[in-house]
Amino acid sequence: MALRVYNTMSARKEEFTPVEEGKVRLYVCGITAYDYCHIGHARANVVFDVISRYFKWLGYDVNYVRNFTDIDDKIINRANELGMDSRELAEKFMTAFDEDMRALNCDSPTNQPKATENIDQIIDLIEGLIAKGLAYESEGDVYYAVRGFPGYLKLSKRNMDEMIAGARIAPGEQKKDPMDFALWKAAKPGEPQWNSPWGAGRPGWHIECSAMSMRYLGESIDIHGGGKDLIFPHHENEIAQSEGATGKPFARYWMHNGFVNVDQEKMSKSLGNFFTVREILEKYDPEVLRFFILSVHYRSPIDFSEKNLEDARHGLIRFYEALKLVEELAAVSESESSADSISDEDEKAWEPAANMLDNFREAMNDDINTALALGNLFEAVRAVNRVVAEKKGEGNPEWLKRLKEFHSRMLDVGRVLGLFQSSPEAWLNSMKTSGLEEAGLSVERIEALIEERKAARKDKDFARADAIRDELAEKGIVLLDSPQGTTWKKK
RNA sequence: GGCCCCGUCGCCAAGUGGUAAGGCAGAGGUCUGCAAAACCUCCAUCACCCGUUCGAAUCGGGUCGGGGCCUCCA
C-alpha cells in the first residue's frame with residue numbers, strides 16, 4: 001500500500017505524491033520564542049520529527065524547515081514585563097527550545113530560519129501583494145485585503161460573513177474590513193523595528209512563514225504542518241499570502257496534529273494545568289514521554305496524566321527488557337552453534353517478528369499510524385519472548401540469526417520512531433535508580449539488604465528473607481532471583 | 001449563535017462495510033523456598049434508537065454525553 005496522509009484541505013486521506021520526485025519539502029510552524037515550550041509543542045515536534053524520519057526511511061530526500069518566530073507582540077510584552085531586551089529574551093527561549101528538542105530526541109530540521117533574518121524577503125512579499133492589489137498601507141501598517149482572495153477560508157471551511165459578527169478590531173488597527181489582517185505593523189517608540197517602504201515597523205503574525213517557506217522550499221511545497229489550532233487564522237492567512245503572491249498552490253498536503261489534554265481538560269494557562277517540557281522531564285524519562293506521544297495517533301487528542309505516562313513507562317520497559325534478553329542470548333550463544341535449521345512449525349511462531357518491517361510500513365503508510373505500529377511491535381516482542389521461553393531451537397545458527405534480525409529490525413524501526421536507541425542495560429538501570437532518594441533508599445543500602453537476604457536464604461531462614469523483600473517492596477523495589485544471583489528493579 | 005470532532009474491555013488505544021490489534025491493570029497456570037520477569041489461558045459486539053445493506057463499531061437520520069475552533073496558542 002502506498003503512503004497515504006490525511007489532508008486537512010480535502011478532509012480525507014490522500015495518496016502522497018511529491019512536487020518533485022524523490023523529494024519532500026516539509027514546512028512546520030515553529031514556536032514564538034517568549035516562554036519555555038510545553039507538552040503541546042513537544043507533541044507537534046515529535047510527530048513531525050517522526051514524519052520527517054519516516055520519509056527519509058522510505059528513501060526520500062527530505063528538506064524539513066521549521067521556523068522560529070523571534071519578533072512578535074508576545075515577545076515584546078514579555079520582555080517589557082521582565083525588563084529584558086526582546087532580542088535577548090527570544091535568544092534565551094530559542095536556545096531552551098533546542099535543548100528540549102534534543103532531550104526528546106528530535107532531529108534538527110534541515111533549516112531553522114528566524115523571522116528577523118528574513119525581513120527583506122518579508123518586505124518583498126508584502127510589496128508584491130500591494131502591487132497586486134491584495135494589500136494596502138494604512139498609517140504605517142499594511143493589511144491584507146481578504147475579500148480580494150477568493151480562496152480565503154478554504155482550509156478551515158468557514159463562512160466569512162458569519163465570522164464577521166464575532167470579529168473585533170483591535171485598538172490602533174486601521175482595517176478596511178474587519179477580516180483583514182496585518183502584514184506589517186508600524187513600530188511604537190522603543191520597540192524593535194526595521195525600515196520599510198511604509199516606515200519603521202515589524203512584520204505581522206503570519207507573513208514570516210510565507211516568506212520563509214518560499215525562500216527555503218520554493219513557491220509550492222509538499223507538506224505544511226502544525227497543530228490543529230493553527231488552521232485558523234494562521235494557515236488560512238499563509239495561504240492567502242503565498243497563493244495571492246505567486247498564483248500557485250502553496251502546499252499540497254496540510255497535516256495537523258491534535259491537542260494535548262491534561263486530565264481530560266484542554267491544557268491552558270488559565271486553567272493552571274500547564275506543563276513545560278522541562279517540568280515533565282524532571283520526573284519522567286524523555287523517551288517515556290516520546291513513547292507516550294507516539295502511542296496515540298497524531299490527529300487524536302491525547303490525554304496527559306500521571307497514570308497514562310506510567311502505563312507508557314511500563315510499555316517501554318517491556319521493549320527494553322526484550323532487547324536486553326536478546327542481546328544477552330546473542331552474546332552467550334555466539335560460540336555454541338549446533339543443530340540444524342528451524343522446524344516448519346516454529347516458523348509460524350516467528351511470524352510476527354519476521355514480518356516486522358512490512359507491518360511497520362503498512363501501519364505508517366496509513367497516515368503515520370504510530371499507535372498501530374507500536375501495537376505490531378508489541379506482538380513481535382511477544383513472539384520472540386515466547387520462542388525464547390519455550391527454548392525452541394536454542395543455540396542453533398538459524399535461531400541465533402533470527403534473534404539478531406529481530407534485534408536489528410527493532411533498532412531500525414526504532415530509529416524512525418526515535419525510540420529504543422539506548423543500551424537496554426543502561427536504560428533499565430536508569431529506570432530503577434531514578435527516584436530512589438525520595439523513597440529513602442540508595443543503591444548501596446539495597447545491595448546490602450540483598451547480601452543479608454542471600455545469607456538468610458542460604459541458612460533457609462526464609463522468614464527473614466521474605467521480610468527483607470517485603471520491606472523493599474514497600475518502597476517500590478522488587479527483587480528478582482535467578483540462578484546468577486539476585487538483581488532488583490523499581491516497581 | 002456558526003463551523004467541526006469525538007463516544008470501542010476497569011484505564012489507555014488501533015480498527016472506518018465482512019464479522020473487535022495491542023499496552024496497562026486483573027484472574028488462573030508454568031517457573032520459584034516464596035516471589036518477580038517471561039510464557040500460556042481467560043477477560044468487550046463497539047453510548048442509545050431507527051434505517052441502508054446479504055453483512056455495520058464502521059454508511060445515513062435522530063437522541064444523549066464529552067470536546068474543539070470562531071481571540072494569541074502546538
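How much space lies in the largest pocket? In this predicted model, the largest pocket holds about 1200 Å³ of space. Its lining is made up of 39 residues, and those lying nearest the centre of the pocket are T32, H41, K74, D229 and L230. By residue class, the lining of the largest pocket comprises 15 nonpolar and 15 polar residues, together with nine charged ones. Four elements each supply at least two residues of this lining, namely helix 1 (39-57), helix 6 (207-217), strand 9 (221-227) and helix 7 (231-246). Of the contributing elements, helix 1 gives the most to the lining of the largest pocket, with five residues.

The peptide bond that joins F232 and P233 is cis, with omega at about 0 degrees, and P233 is found in helix 7. A further backbone feature occurs at L153, a residue other than glycine, whose phi is positive, with a value near 80 degrees. L153 is found in the loop that runs between strand 6 (141-144) and helix 5 (160-164).

The second largest pocket has a volume of about 720 Å³. This pocket is lined by 24 residues, and E321, K324, E328, L480 and T487 are the closest of these to its centre. Two or more residues of the lining come from each of helix 10 (306-333), helix 15 (424-433), strand 14 (477-482) and strand 15 (485-490). Helix 10 gives the most to the lining of the second largest pocket, with eight residues. The lining divides into ten charged residues, seven polar residues and seven nonpolar residues. Considered by domain, the lining of the second largest pocket draws at least three residues from domain 2 (307-425) and at least three from domain 3 (435-490).

A search of the whole structure finds one cavity of 30 Å³ or more, and about 30 Å³ of space lies in the largest cavity. The residues that line the largest cavity are V47, V50, L294, Y298, I368 and T370, and this lining divides into five nonpolar residues and one polar residue, with no charged residue.

The packing of one pair of helices was also described. Two packed helices are described by the angle between their axes and by the distance between the axes. For helix 12 (residues 356-365) and helix 13 (residues 370-389), the angle is about 165 degrees and the axes lie 8 Å apart. Angles over 145 degrees count as roughly antiparallel, and helix 12 and helix 13 are therefore roughly antiparallel to each other. The crossing of helix 12 and helix 13 is right-handed.

Definitions and conventions:
Residues numbered from 1 in each chain as written. Chains lettered and ligands numbered in written order. Predicted model: local features only at pLDDT ≥ 70, side-chain atom pairs only at ≥ 80, totals over all residues. Heavy atoms only, no water. 1 Å grid on protein atoms, 1.4 Å probe; cavity = no way out; pocket = protein on both sides within 12 Å on 5 of 7 lines; lining within 4 Å. Points joined across faces, edges and corners; volume = space filled by probe spheres on them. Nonpolar A, V, L, I, M, F, W, Y, C, P; charged D, E, K, R; others polar. Domains from an automatic or database assignment. Axes fitted to C-alpha atoms, helices over the stretch in contact; angles between N-to-C directions. Parallel < 35°, antiparallel > 145°, perpendicular 65-115°, else oblique. Left-handed = near helix turned anticlockwise from the far one by under 90°.
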